[in-house]
Amino acid sequence: MTSKIAGRLPVVNPVDSFWNAEPKKLDDYRSTAELPSTADIVIIGSGFSGVATTYFLLKDNPNPPSIVLLDARKICNGATGRNGGHIKPDTYSDIPKFAKMFGIEAATHIAAFETSNIYAVKDLIEKEGLDCDFHMTRALDVFLDPKQANGVEKAYREIVRAGIVNVSDMSFTPKKDAERISGVKNAQACISYTAGHLWPSKLVHQLLQKLVDQGLNVQAHTPVTSVSANGNGSWSIRTSRGTIQASKVVHTTNAYASHILPEYTKSITPLRGVCAHLESVNGKKTPHLVNTYGIRFDEINNDYLIPRADGSIIVGGARPPFWHNKKRYFDNIQDNELVDEATPYFDNYMQRTFRGWENSEMKTKKVWTGILGYSFDFMPHIGEVPDKPGQFIMAGFTGYGMPKILLSSKALATMVLDGVPFEETGLPSPFKTTKQRNESKENPLEDCLGDLWTGKAKL
Ligand SMILES: Cc1cc2nc3c(=O)[nH]c(=O)nc-3n(C[C@H](O)[C@H](O)[C@H](O)COP(=O)(O)OP(=O)(O)OC[C@H]3O[C@@H](n4cnc5c(N)ncnc54)[C@H](O)[C@@H]3O)c2cc1C
């Protein structure tokens, strides 16, 4: 039912993730056998961004617009259906980097925005009665490289002294106690703060079901191939199954944005990530981890780890075996195959990483890949597409969209429905999509990874 591979369209037959292995009612759902020929708004992409934006467009709206939501593949089978399920702000470790790039005010705004998203997700789940294994937790960022740990401690003390960031939710543990507090062998320092984790595709499917029940038209397996101007202010959205005319189009296609919007080719690059689900064999009891983790080996290599309430573990990252090899992940949309050299990385992961897990008999149950949309300046692109009035984008969440998407969707919905200018939405200013960003000659992302590809990076 899906299209052939072309450009940056999602590929057919992606590998199953742990989250999507069991079929879901809306996987292949089409509200109508034929595509509607017109709609007020067409949303492209059924991940967390597309479904949350649709939710806010319809929520409490006495004059709801007619909306068609399209996806190239099964519903929620992009990054949202294959991520780690971690809602972890990267508040601390990225503030110094973002302060350098965007100024301290913007960096602190991003940090506060990410934290507020955790509470917004919790609110949404409770209000809508969504059953998606949501847990609020502490995340521990654990630093294993002594040099990086020293830098982190210095930066943390500086932030506290200057009082520029609200650190009331953060706790720093120096080397003396870091291994005991974190449980991670050889930990040089750690920082903890509030985070969450959940079953991402359950959240999206259940929210979408509510919208379908309200009359939303959803069409799975319907790749959009182009969007062109009609000359009367409306747009023609061409798909493998026909064309829809709409006055507004919302691109929530993340890694794949540039297939339809080529102006984003350089600013949003698809990047292939790897995740695994680990379980103890024969149900053998394992020590209980109460925190989620970011395990940082050095400036580039890090894993994230989420202990699930059922005792199993999700681990994502596995960069050391393949990140030096650019073509294995950079500008790579092949989530229909595994990264073979990364798969053995997960064997004995818990045994070698955590104190007290040496005899746990944890085994890799499933490994999968997924495609992240990496923004060249690490910031998502949100707002009206430059020079295309009526087309909107929310994409390029780089390593972690889960602590940004919900409140970004809420803001985007006001731009789409009421024409609210980006500056009045309350979103951090670096998130605004602009022509200048798309045409920038700078590329902080490639600058950061370049040494790795030429073998000059010290890993
Ligand atoms: C392996 C992996 C692990 C990750 N772990 C985490 C994590 O633990 N925490 C975190 O915060 N973030 C994580 N991320 C990133 C996170 O998943 C994303 O930031 C987030 O899911 C983006 O959501 P989205 O809705 O914008 O994009 P997506 O979920 O990718 O949705 C985009 C949708 O658009 C559809 N689409 C694309 N092009 C077209 C087209 N032309 N026509 C029709 N449909 C189209 C796709 O099929 C897809 O369903 C991870 C990502 C990956 C891949």
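Q: Between which elements lies the loop that contains Asn83?
A: The model is predicted: local features need pLDDT of at least 70, side-chain atom pairs count only at pLDDT 80 or more, and totals for chains, interfaces and linings use all residues. Residues are numbered from 1 along each chain as its sequence is written, and side-chain values use heavy atoms, with hydrogens and water left out. Helices (H or I, at least four residues) and strands (E, at least two) are DSSP runs, numbered from the N terminus. On this basis, the loop that holds Asn83 lies between E2 and strand E3 (86-87).

Q: Is Asn83 buried or exposed?
A: A residue is buried when its relative accessible area is under 20%, exposed when it is over 50%, and partly exposed in between (1.4 Å probe, protein chains only). Asn83 has a relative accessible area of 17%, and it therefore counts as buried.

Q: What is the C-alpha to C-alpha separation of Asn83 and Gly401?
A: Contact means heavy atoms within 4.5 Å. Not counting residues up to four places away in sequence, Asn83 touches Trp19, Pro200, Cys275, Trp368 and Met402. Asn83 and Gly401 are 318 residues apart in sequence, while their C-alpha atoms are separated in space by 9.8 Å.

Q: How many disulfides are found in the whole structure?
A: A disulfide is a covalent bond between the sulfur atoms of two cysteines. The criterion applied is a pair of cysteine sulfur atoms within 2.5 Å. For Cys275, which is in no disulfide, the nearest cysteine sulfur is that of Cys76, 14 Å away. The search of the whole structure gives a disulfide count of zero.

Q: Is Cys275 buried or exposed?
A: The relative accessible area of Cys275 is 2%. Cys190, at 1% relative accessibility, counts as buried. With its value of 2%, Cys275 is likewise buried.

Q: Which residues touch the most other members of the largest nonpolar core?
A: In soluble globular proteins, nonpolar side chains tend to be buried together. A nonpolar core is here a set of buried Ala, Val, Leu, Ile, Met, Phe, Trp, Tyr and Cys residues joined through side-chain atoms within 4.5 Å. Of the 95 residues in the largest such core, those touching the most other members are Leu305 and Met350.

Q: Which helix gives the largest share of this core?
A: The share in question is eight residues, and it comes from helix H3 (residues 104-128).

Q: How many residues make up the other core?
A: This core lies apart from the largest one, and its members include Ala139, Tyr156, Phe172 and Ile191. Its size in residues is 16.

Q: Is Ile244 buried or exposed?
A: Ile244 is found in strand E10 (residues 242-251). The relative accessible area of Ile244 is 0%, so the residue is buried.

Q: What distance separates the C-alpha atoms of Val339 and Phe322?
A: Val339 lies in the loop between strand E14 (313-316) and helix H8 (349-353), and at 1% relative accessibility it counts as buried. Leaving aside residues up to four places away in sequence, Val339 touches Arg272, Val274, Phe322, Arg328 and Thr369. Val339 and Phe322 are 17 residues apart along the chain, and the separation of their C-alpha atoms is 8.1 Å.

Q: What is the phi of Asp60?
A: Most residues other than glycine have a negative phi. Asp60 lies in the loop between helix H1 (48-58) and strand E2 (67-70), where it is exposed, with a relative accessible area of 69%. Although Asp60 is not a glycine, its phi is positive, at about 50°.

Q: What is the phi of Asn254?
A: Asn254 is located in the loop between E10 and helix H7 (257-260). At 18% relative accessibility, Asn254 counts as buried. This residue, which is not a glycine, has a positive phi of about 45°.

Q: Is Phe422 buried or exposed?
A: Phe422 is found in the loop between helix H9 (405-418) and H10. Beyond its neighbours within four places in sequence, Phe422 is in contact with residues including Ile382, Met415, Leu427 and Phe431. Its relative accessibility is 8%, and Phe422 therefore counts as buried.
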